[in-house]
Amino acid sequence: MKLSLPSTFILLLLGFTTLWILTACKPSPDTSLDAQLLNQTGASVDLLTVNYAKGFSFKYENGIRKLQLHTTGGDTTIITLYPKSADGSQVSLTTPHIEVPISNMMLTSTAHVAMIDYLEAIEQIGGVANADFIQNEVVKDYLAAGKILNIGNDQNLQTEVILSAEPEVISTVGALSLPQSGLGILAETGIYVLPIFEWQETSLLARAEWVKVFAALVGKEELVQEKFSRLATRYKSLQRLQDTLTSRPRVLYGTPYRGVWYVPGGKSFVASMLKDAGASYAWFSDSSAVTLPLALEAVYPEALAADYWLVSGAELDLETLMSVDERFRDFRPTKLGEVYANNLQMKVGSGNNIYEKGIMEPDMILADLIKLLHGGSLPEHSFQYYRKLE
């Protein structure tokens, strides 16, 4: 069975220690009071369905959407998304809330930039962090013209610049514990600090589905339902190709960092991606959704037996990779010439686009891997993110 795709997809994040901080100085939820008050609004919203992601969901009460953020520890934080168009003259919300649609938000992750671009809502971005890593050409042009502000980097935000622009929301990846980041100060001023934990999901589709959170914020519900439905259909059609495969090549993933090889756990989105691509992976049976810190010696036996080696670093050729550790020359994929990197869209002095645009192109990432691992498949597909190191 062969399938072709139009040319136009993520990966690898090391496991993070999460701290769930949304905003400071906000009272604890009082659901009964909100339900009573929201009856007065007469508002209505388009329903948004969540089919793959586990880290968030939506709840609807009295025509009001509530965003529910679920931690891996089992806790849930509820944020009322209160329509600006509703008659709220007599309403005083006491629970965490954001008035939507928002028109001025700031983003601290390139993945969030890609989600907003997917929603055709770049005009609603007021500022971005880590601007040097952004590859989106429209955002770069807006930065150069001063239409989007450069707010520093995610660990050292320019709080005065942010406050002067008066954003309604600032998105983060959840690492808010660093005092120097400035997020605590911003939260105290009334700017809503919203963590986006897509990187904790266990599949590429689940990660991409976090775009629906942004859709609810910027008023793009109908657009996201239509576009994401088509995206999921494309991904699942590729996923079904594995049912026709007669072989599953063994894949070694990643590289060591300072002597430690962070191997994606068996329940991670990387393992899910490899399974969907029809690979055999030594850690499929592991129950961890994060990375496993292993010594090179523990990974070495698999490296001597693997058919392919997928790396996620900045190496642009095989010799550069070999210079990291001479033992890499012993690896079977090295000898076979089957070493691939996910940096086809990486630019010198900028970021790797698989971590930006790739978040919303899981189908392209999967197509890359299927073509890479099963040479006769997808003959008309052109690699988007992976390249052979030579």
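**Entry 1: the hairpin of E1 and E2**

I began at the hairpin of E1 and E2, where two residues lie between the strands and Asn62 takes a positive phi near 55°. I note at the outset that this is a predicted model. I then looked up the pairing and found that E1 and E2 run antiparallel, joined by six bridges. Within this pairing I located Ser57, whose bridge partner in E2 is Gln68.

**Entry 2: the hairpin of E2 and E3**

I moved on to the next turn. E2 and E3 also form a hairpin, with five residues between them. In that turn I found Gly74 with a positive phi of about 100°. Strand E2 covers residues 64–70 and strand E3 residues 76–83, and I recorded six bridges between them in the antiparallel sense. For two positions I noted the residue across the pairing: Leu69 stands opposite Thr77 in E3, and the bridge partner of Leu67 in E3 is Ile79.

I asked myself how many of the residues of E2 are buried.

**Entry 3: helices H7 and H8**

I followed H7 to its helix partner. Helix H7 (residues 211–218) and helix H8 (residues 221–239) have axes that come within 8 Å and cross at roughly 155°. On the H7 side I listed Val211, Lys212, Ala215 and Ala216 as making the contact. On the H8 side I listed Glu221, Val224, Gln225 and Phe228. I sorted the residues of this contact into five nonpolar, one polar and two charged.

**Entry 4: the sheet of three strands**

I then turned to another open sheet, which has three strands in the order E13-E14-E15 with antiparallel pairing. Strand E13 (256–257) and strand E15 (291–295) each have a single partner strand, so one side of each is left without a neighbour in the sheet. I counted five bridges between strand E14 (residues 260–264) and E15, which run antiparallel. Here Trp261 stands opposite Leu294 in E15. I noted that helix H10 (residues 296–303) lies across E14 and E15, and that H10 runs at about 95° to E15.

**Entry 5: confidence**

The protein averages a pLDDT of 86, and 85% of the residues score at least 70. Over residues 1–42, however, the pLDDT is below 50. I recorded that this stretch has 131 contacts in the model beyond near neighbours in sequence. Where pLDDT is low, the predicted coordinates should not be read in detail. I have therefore left that part without a detailed reading.

Technical notes. Residues are numbered from 1 along each chain as its sequence is written. This is a predicted model: local features need pLDDT of at least 70, side-chain atom pairs count only at pLDDT 80 or more; totals for chains, interfaces and linings use all residues. Side-chain values use heavy atoms; hydrogens and water are left out. Two strands pair if DSSP finds at least two bridges between them. Helices (H or I, at least four residues) and strands (E, at least two) are DSSP runs, numbered from the N terminus. Contact means heavy atoms within 4.5 Å. Axes are lines fitted to C-alpha atoms, for helices over the stretch in contact, and angles run from 0 to 180 degrees between N-to-C directions. Ala, Val, Leu, Ile, Met, Phe, Trp, Tyr, Cys and Pro count as nonpolar, Asp, Glu, Lys and Arg as charged, and the others, Gly among them, as polar. pLDDT is the predictor's confidence in each residue, from 0 to 100. Buried means under 20% relative accessible area, exposed over 50%, partly exposed in between (1.4 Å probe, protein chains only).
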